[in-house]
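Hello,

Here is the structure I promised to pass on. Please open it alongside this note; my findings follow.

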Amino acid sequence: MVAVVHTPVLGEEVVQYLRVIPGGRYIDCTLGSGGHALSILRRSSPGGQLLGIDADPEAIELARAALPGGVTLVNANFAQLEIIASIHDFKPVDGILFDLGLSSMQLSESGRGFSFSHDAPLDMRFSPDQKLTAADIVNTYSESDLARLLFQYGEEPSSRRIARLIVRRRPIQTTQQLANLVREAVARRLGRIHPATRTFQALRIAVNQELDNLSAALRQTVGLLRTGGRLVVISYHSLEDRPVKQFLAQESRGCLCPPGRVVCVCGHSPTLKLITKKVVRPSEAEIARNPRGRSARLRAAERI
Ligand SMILES: C[S@@+](CC[C@H](N)C(=O)[O-])C[C@H]1O[C@@H](n2cnc3c(N)ncnc32)[C@H](O)[C@@H]1O
């Protein structure tokens, strides 16, 4: 595998919003090739500690080569965050980072079919331990289930038309076959983005159960952060950003009883304070340097 350096998106903002301090202890839940992790380690020196998690064993190997010894790297799903931190005696922590989605390496070098720009088998699994591949979904789901998946996870307006053509043309084994088919299905709606963008996004989210894993992991962060510790999340599309925004809004509110209740029965008190009232986006200069970051949005909160 050729090493592809992943330029960390919003690199300076991440260390700033995490409020990285010398000697601090941090969890990077999406290690990738270790770009953000390296910045965190530099800023937390001397004495900083880092636990890095990634579902992809290739990412762990890339990061191991890029990071100094002494860091704890774990090949696992961040949905297991609490248990991973406990096993490694890594709590409480001063900051937790999620930089969601996939890395440049996965997109262009992994040969796992994440991108329609390279012909590859339709796999899309972050981890080889996962059973379901994108090819399994495309070749076995019913037309209505495919249409629902494309609509739900890709917000694809032509979901039914694409699902119908998939069912008619299968088996479909490669990214090029699928991308050409989608182009044909939506021929009348060619816009700014490649017509297969939404279909590929939907399949990737479904294969990796990305939204369920994200919600599960977010719920575990509060119990791991020390008072004053920071949670920073970078997402790349609205489906990813929505659960983050909702989680932060809920945890920064007091009572969660339905409106109209005179007496609170939920007993909920805020656990987080919102640091970013509005999402933080990369500057034009950063986007010019690193186009991958153009849709990034960062949200941050502090444990209270
Ligand atoms: C955008 S990249 C992170 C890049 C990293 N911040 C850097 O600077 O190199 C996202 C990473 O998160 C990993 N990932 C996505 N979902 C995951 C999950 N549920 N559990 C663990 N890792 C996950 C992917 O495998 C990928 O390597």
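Two strands count as paired if DSSP finds at least two bridges between them. Helices (H or I, at least four residues) and strands (E, at least two) are DSSP runs, numbered from the N terminus. This is a predicted model: local features need pLDDT of at least 70, side-chain atom pairs count only at pLDDT 80 or more, and totals for chains, interfaces and linings use all residues. Residues are numbered from 1 along each chain as its sequence is written.

Start with β4 (residues 93–99). It runs parallel to β1 (residues 25–28), with three bridges joining them. Y26 has G95 in β4 as its bridge partner. β4 also pairs with β5 (residues 225–235), again parallel, over six bridges. There, I96 partners L231 of β5. Seven of the seven residues of β4 are buried (20 or more other C-beta atoms within 10 Å of their own, C-beta atoms being placed from the backbone).

Next, β2 (residues 49–54) and β3 (residues 72–75). They run parallel, joined by four bridges. I53 has V74 in β3 as its partner.

Now the ligand. Its shell holds 22 residues, and T30, G32, G35, A55 and D99 come nearest. A residue is near if its C-beta atom, placed from the backbone, lies within 6 Å of the molecule. α2 (35–44) and β2 each supply at least two shell residues.

Last, the domains, whose bounds come from an automatic or database assignment. Domain 1 covers 11–105 + 210–303, and domain 2 covers 131–207. Their centres, taken over C-alpha atoms, are 30 Å apart.

Best wishes

Definitions and conventions:
A residue is buried if 20 or more other C-beta atoms lie within 10 Å of its own, exposed if 12 or fewer, and partly exposed in between; C-beta atoms are placed from the backbone.
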